[in-house]
Structure formats: C-alpha cells, structure tokens
Amino acid sequence: AAARGCGGIWRRAWQRGAGGPTPRGQRAVACNATGGAVPAGKSGLAPWVPVVGLEIHAQISSNSKLFSGSQVQFAAPPNSLVSFFDASLPGTLPVLNRRCVEAAVMTALALNCSINKKSLFDRKHYFYADLPAGYQITQQRVPIAVNGSLSYSLCTNNKMSQMVTKTVRIKQIQLEQDSGKSLHDDTRTQTLVDLNRAGVGLMEVVMEPDMCCGEEAAAAVRELQLILQTLGSSQAVMAEGQLRVDANVSVHHPGEPYGVRTEVKNINSVRFLAKAVDYEIQRQIEELENGGTILNETRAFDSKLGCTIPMRDKEGKQDYRFMPEPNLPPLIVYDAKSLPANMNHQQVVNIDWIHERLPDLPSVKREKLVEQYGILPEHSFTLLNEEGLTEFYENVVKQTKMKPKKVIGWILNDLLSYLKQHSLTVKESPVSSFLLADLLNLLEKKEISSTAAKQVLAELWKGEGKTPLEIVREKKLELIQDQKELEQICQAVIDGQENEVIMRVLG
Amino acid sequence: ALIGGLCFQVSAALKEGRVTPTELCRRCLSLIKSTKFLNAYITVAEEAALKQAEESEERYRRGQPLGVLDGIPVAVKDNFNTAGIETTCASNMLKGYISPYNATVVQKLMDQGAVLLGKTNLDEFAMGSGSTDGVFGPVRNPWSYSRQYKEKSVPKSHSEDEESNWVITGGSSGGSAAAVSSFTCFAALGSDTGGSTRNPAAHCGVVGLKPTYGLISRHGLIPLVNSMDVPGILTRCVDDAAVVLGSLAGHDPKDSTTIQDGFKPFELPNLTDVSKLLIGIPKEYHAPGLSSEILALWSKAADLFKNAGAKVIEVSLPHTRYSIVCYHVLCAAEVASNMARFDGLEYGHRSDVNKSTESMYAATRREGFNDVVRGRILSGNYFLLKQNYENYFIKAQKVRRLIANDFVKVFRSGVDILLTPTTLSDAVPYMEFIKEDNRTRSTQDDILTQAANMAGLPAVNVPTALSERGLPVGLQFIGRSFQEKQLLTVAKWFEKQVKFPMIQLEVVKRHHHGVVQHQKSASVS
C-alpha cells in the first residue's frame, strides 16, 4: 500500500506492553495527506478512514478565576484558593472576569473565528464531589466565538524535509468554569476534594473531525499550544493540566457515514495524544474486522500500557439539564463601530483594540525567520518548538559574524541535542548565547578549527565560568597560522619519534 | 401629622435623647419574648443586637449618627446571609449553618447603624404562601390576637377557640410581616419571588414593597428563582419603605444583575393633586375566587382616586391567566438547579449514610429537604430534561415574555399605576389553610402578585381596611420599572386616605405600653 501523508505509522507493528492488551496484528491501513483512505493490506478488505476530532480545554492564564476573585495558582496548598463563590456557599453570585473574556477573544482572533458580540452563559448540571454547585457554568447555546480554523504542519515519513500544511476547522470556543480535583484514597475508601481549581477559567476549543491520525492530532495541538503561549492566553502546559485534550475517534469505510465514535480522555502530553489516537483507531478497526461493534463510550488512555481502556460510567446516561444562567446578563463584546461613546472603557471588551495588539503568531514568526536568516522552514519549526530557542538563536546571530545559516547548525545540532540529552530547557543552558557567540566568532575568525570549537563547547558545558578564549589558551587549541612555526613543530614531532617514523615508512 | 414616617420620628426621638438605641433595642427584644407564640423569629440575636445598639448610642452621644436608620431595630428574613448569626431557610438542610458573610442588603443596613434583632421565620427555602411549611413551625398572624379580630370572629368561648382560630400570616415572608405588625421591629426584610413579601404584608396589615428587579442586590439572598427574586421591604408605613429602599438600592459589584446607574434616595412628597394620574384597573385581576369583600374594596379604592380627580380606566393584561402555570415551570426549573449545591459536602446537613458518595447525596437531600422542596426539584428536573426542555422551559419563557409585554403595552399607553387586590381574601385560619397542599395554595395565593415578578416591575401592598372578620385587607399598586418614587408617592397618598386602623394587641399593650405608645403616636396622625 502506498503510504503518503501521515500514513507511515499504520505500517508499524503494534507493540505489546507488559501485561497489556492483546497484541495487535500488523495492519496496513493508511490515510494520506488529503485524509482519504488507502486500501488495507489484507486482500479483499475495504479500506478504513479514521476520523479524529478534538475537544481541548485550555486554562486561561489569569490572576483570578472566571467568576470570583480567588487567585489562580498551580500546586498551591489544597483549598487555599477558594472563595465563598467557589465553594458554592448559598447566596453567592458569579461576577465575570474581564481578563478571561479578553483571553478568549484574543484566542478566537488568532484562530480566525467569528466572535459573537453577544454570547450567553448556561448551567450544565451533574453531581460530582469536585463540582460544588452541582452545575458548571458554560456556554452551551451561544459561545463567545465560532467558525475558525487552525493551520498546522507536520512532516511526512518521519522526514523533516517533507512538511505538509493542513487545516482543521474550529467549531467554537466557549468560556467555562473548571472543576475542582477529587483525590480518591482507596485504602481508606475516602475521597479528598481540593477546590483550588474550581472556577478557574477555561476556554474550550472544539475542533471539527478533520484529522485522521495521531500525528495530525498531535501537530494540531502542538500548534494550538504555541499560539496560546504566544498570546499569553494560556500557559498551556499539558503536564500541569493547563491544556487538556479529549479525542473523538471513529473509523468508517469511504463513502459511508461516520462510524460510532469513542472519546479518549486522560491524555497528558502531545506525544501520548498521538499514541492514544493511533491505538484507538487500530483498536476500532480490529474490533470491526473481527465482527465486533464500537460502543459510544469514554475511554481513558493508559500511558504505561500504551492503550485505551473503558472508563467506568459515572452516572449512567447523562442528561445535563442545561438551563440559562440567570445570574449573568448576556456577555456583550464591542468593536470600534459598536462601542457606545458613554461606556467606561475599563469595563468593556473591545475586539478591535485586542486585534491591533495581537503579537506575531507562530506561523508568521516562522516565515520571518526563514526570510530573515535564510534557514530552512523545518528549522524554523524546531526553533519555535523549544521555548526560548528562537530568542537564543537570534541573540547568537546578533553577536557573531557567522552567517545565520551556519549558526543554525550549532543551535540545532549542538546546543539543542545537548539540552535534550540532559533534559534541560533553553533557559537552563549552561552556555549563554553570549558565550556561544564568542566561540563561533573564534571559529569564524579561523582562530580555532571546527573540531577545536566542539572541544571548547564541551568544556563550556561544565559551566565553570571560563570564556571560550580562556579555554582555547589553556588547552592550546589555537590554529597556528605561522608556516615556520608549523614546520618546526612537525620536525620536533618527527625527531622525537624517529623509530616509529622509520617503521611506518618501511611498514 | 406624619412627618417622614416612623423611622424619621424615632430617629428624631433618638437624636433628642427622648429614647436611647439601647432602650429601644431592649424594648423590642422584650416584645419579641412576649410574642414568642407568634413564632415570627427563628433566631433572636440578643447579644449582637445590644452590642450594635450600644455602638449606635455612642454615635448619638457624639452627635454623629450614621443616618435615619441608626439605632432603628430591624429584622431580616432567614434566607438572607448574616455573618455570625444562623441562616437556616427554615430547613433541616441549613439548621445550624452560620454564614461567613453578610448579604449586601444586611451589610447596608448595618453600615447605616440599623440594629439587627434576629432572623424571621418563613416557608422552607421561601417555597410557600402561608409561612406554615418551615421546619420551625408555622407563623401566627398577630391579628389573630387583636381585639378587632376577637370581637368579630370569636364571640363564643374565648380560650378554646383562640388555639384553633388563629390565622396564617401568608408567606413566605410571614415572619417578617408578623414581626413588623406586632411592633417587635420597625422594618424587616423579606424576599419576593411570586408575592412572598406583598402577600404576608396584606394579611398582616403592613406595607410590603417589592422593588424593581435589579434595583436591590440579591447577593447573599439564598435564591428561590434568581430571575424573579427581589429583596422585599416590610414596614408600618409607606414613608418607612421609601427610607429603607433608599438605604438598600443601587448597583452592587457582587450582583451582575443590578442596575449600573446610580440610585438617588428620595423622600416622598405629600401628593395633594392626583388629577394628572392615570390609574389602570386590569380586568384580569378580577380573578376566580376573589372575595366579594375585596372586590368591593377594590372598586371603592378606584372611586377614591376618581373622586379625587384622577383618571381611572379599565385595562387588559390578557396573558395574566397563563402566569401561574408559566411561573410553576420556571420556578421549579430554577429551584432544581439552585438546590443542586446542597449535597452535604461543603456545608449544611450531611447524612450518616456513607456507602457511596451517591447514596450520601441521596440521603442528605431526602433528610434535608421537605416534601415541597423535593417536589419542586423533581418537577424542575423533569422540565429541564432534554426531551422536555422545548415543551416546558422554552415555552414558559416565551409566555413570560408575553406577560411582561402586556405590562409594557399598558404603561406605554399612558397608564401610570395599576391598582389591583393583593390577595383573593383575608387570611384564613391555619386549620383551614393546611387542608390543601402547598402547591394548590401557592397557585391560588400568588395569582395576583406573581405577574409583577415575571415582568420585574415594582409593586407595593398598602393596608387598606379590615374585613368583616376584623382582619387586614390590602391593595396592590404596580408601577413602571424603576419608578419606585412615583409608585410610593401614590401609595402614600392612598395610605393617607384610607386611614388603616392600628392593630390592638392586648398582649403587647399590657406589657409594653411604652414602646407601642411610641410607635403609635408616631404613626397615627
């Protein structure tokens, strides 16, 4: 089978984890760059088209919660950031945080959404220990933004040089409250509840099922993550739960309606997202090919076993009994045209004002890097993917005479691989952009060889505070430019090793 | 003559040192004790009240009282949060619950020096129209013990019938109405969702004001129906209602549904000329079950305006008759939602059943709520189910809009004030009242008051006359949105014309000659 686009992955044999699920046979189902199906390997079998949609919850980066004044902070002592409203004390009322609305508008603009100038809040009811009010305030009927799109790129056949750009439609962005956290203590059969997170503002970004494999989903989420971080609307750190991704996965035969979908939860890294989606696609295909059916269920990804498992249904079939939130008037946002003159500007959200102040988005930044420094597009991706790497690179470029095109090699091959090996962030690099620039200048001025430069860099990693020049002197790594001096050295070496020289010559 | 109402009178007496806040507070506390059988109060905060009174006294001594309300004893319905004083909603669910914060209205009263005597009785979570369905027992209407009622209704064997003949206060703010009516406080806060302030005000012969939705903060009021709830004001005269309104109204950053514009407190003028007024008599309020006595009183009141030169016309609010069923759906839906927070985890009652979280929830809610609350939760959840939402909730919302539009049309046609009865009849004896269930009762009793809540309009009950049985009957004025000043000005004029008689409470008179005399002399012209 011809595998294009992200199809490569479908030919990988499925690995069985220790004590994991039944091994999956090697299967050759593929989706190509346009999302179409490719015939399966087994003769006579119709091909499968996997369909992947995502629901992403991004915690809004804000000092206080969506409807209360409590602080937002990760890993604070349990229940230390809980206002009367967050604990749902009777008689308390929600008061909308303007910063959260601005973050949502900013994100909506970056994702090419149309913004609803008037949106509404609703209550979604269910009983759960970490949902004190018994309902979540969300935007079910009219969300703050709809109909956007997100472009993302991914490499094909695992080759950085073959990048494809795709687009996923954004159905909507809605504002809603986060829940608290339940910690189940099984040995003492009790549940501990931490309400620090209860009421923190979330943006739920709903992506249409325009993706067809784990790699695509992962690339889309990665791009979204970068956008959110660039905007500052969310810190979007998946490990800290600031970005939570649920994947809706189904498979069907071409020309037929979409299959029954499952929802995969509990995915806490971009890497696991790709794994979880691919596993789920594979599982569904096998299930169906073995004559089974797919249940419309929620499954959790087990990162240790590398598989998805059904989640116990909490309350059976849920009817959320949605109702308009009566304590919040409609959320009105303005643009320059609709903004009433007598409005207090401190109290309104102005779309145009936010639009004018949007920072360069990752795609624009990449284009600028490619154009300005003559680097390859894939290099620009790597630069943006690591926090602070672009700035590091640009600082080095500024401080050295070496061509940016050459500098990039040192950044990606030497600096980045060293950092990765030692699990360091760019910020934590023992070699500053200044030191690296110094070193590259020595190389550029031909004072040291490229091999010597690597030796110096190895010394610099030790972080002993020496400058490249000091190391060069100490280790005597200077390139000798004087012809006579070189001849003398060679002669001295030969003289000292006369026997060996003779042996070699004879040898 | 009546100058600025009771509060101004007492305030003047306090200023002149004719009485001190502590004396006033002690007398009220003592009256509360001797009228304990009324069951008007759930909690009496004696110590806290005396402390506040002392502080007030100190301010008067320094010549720096905080305002008209400084040193004035008030009571608050037990569904408003009060820091440090139990807030129960007359429910097992919140028995013993002490809120860590004050409702905005409570805080505002205190900021102006009012002395909070205690928390008044109600129907559980304000669901009812009799003040008979709370966990602390029914409230007795002070008029049951008045000379007026006894003379007319209990001519036979005295002592025996007193037990079986006492009448209800109406509700759900019956405790507040009884507290004001029996002189134990000068003003009380109620809440009004479908008539809960105006109905007991009518039955207890006091003024009951339901302000425009959004004029007074609901922050700290434990909700019944968020989109209709309004803190209500119960006082002995219209002027006092205006004073209390002035101290409570205005934007509250903690309640996003309050008006943004600033509110300016007002004093009510003495209307001498009503000839420019257009009074509307909505024909739909001639409802089935309206007693002939009240009907007669209503038309007498219309004549009063007519004779004084006002223009009185019949108007139509055609969707009024759908109001009750519409209210039933919207109310139950919001109740189901609002009550979801009572799960026993963060506060309130928690059942001992702990097999699972779910079983604990179920038992907690079964033990914590009475049948009325549970019934409304059940039907509310039914209305909100996906398959029913369109047919019930959405439809009810549309009907609500029609009802509100009826009022808009009438007011746009030039009508200034609507005049209607507040209740269908005078208060019934408790024994008779409990023959019917809460839902039937609420349906009948809210019928004349409830549409104003649907439309968010201000409305006030003005005590008008005594019935043949010697019980109070009130009429209701409904005004334009945020036109409280106009509404109360007309109400004040009417109050002056009808000269509603003073309650003659033997028990109060015997023991507390002083304070009653004081209140009496201040309120009778």
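This is a predicted model: local features need pLDDT of at least 70, side-chain atom pairs count only at pLDDT 80 or more; totals for chains, interfaces and linings use all residues.
A cavity here is a set of points on a 1 Å grid over the protein atoms alone where a 1.4 Å probe fits but cannot get out; points are joined across faces, edges and corners, and the volume is the space filled by probe spheres set on them. Searching the whole structure turns up three cavities of 30 Å³ or more.

Some ground rules: residues are numbered from 1 along each chain as its sequence is written, and chains are lettered from A and ligands numbered from 1 in the order in which they are written. Local features need pLDDT of at least 70 and side-chain atom pairs 80 or more, while totals for chains, interfaces and linings use all residues; side-chain values use heavy atoms, leaving out hydrogens and water.

Now for the interface. Chain A brings 30 residues to the contact and chain B brings 40, with contact meaning heavy atoms within 4.5 Å. Together the chains bury about 2800 Å², 57% of it on carbon and sulfur atoms (accessible area, 1.4 Å probe, lost on putting the two parts together, summed over both). What about salt bridges across it? The rule, a side-chain nitrogen of Lys or Arg within 4 Å of a carboxyl oxygen of Asp or Glu, finds zero between chain A and chain B.

Over all chains, though, the structure holds 41 salt bridges. One of them pairs A:Asp86 with A:Lys65, with the closest N and O atoms 3.2 Å apart. Both residues lie in the loop between β3 (49-59) and α1 (98-110) of chain A, so the pair ties together parts that are 21 residues apart in sequence. Helices (H or I, at least four residues) and strands (E, at least two) are DSSP runs, numbered from the N terminus.

Finally, the backbone of chain B. Most residues other than glycine have a negative phi, and most peptide bonds are trans. B:Gly171 and B:Ser172 are joined by a cis peptide bond, omega about 15°, and B:Ser172 sits in the loop between α6 (158-165) and α7 (174-181) of chain B. B:Ala126 has a positive phi, near 65°.

Key: On a 1 Å grid over the protein atoms alone, a cavity is a set of points where a 1.4 Å probe fits but cannot get out, and a pocket is an open set with protein on both sides within 12 Å along at least five of seven lines; lining residues have an atom within 4 Å of a point.
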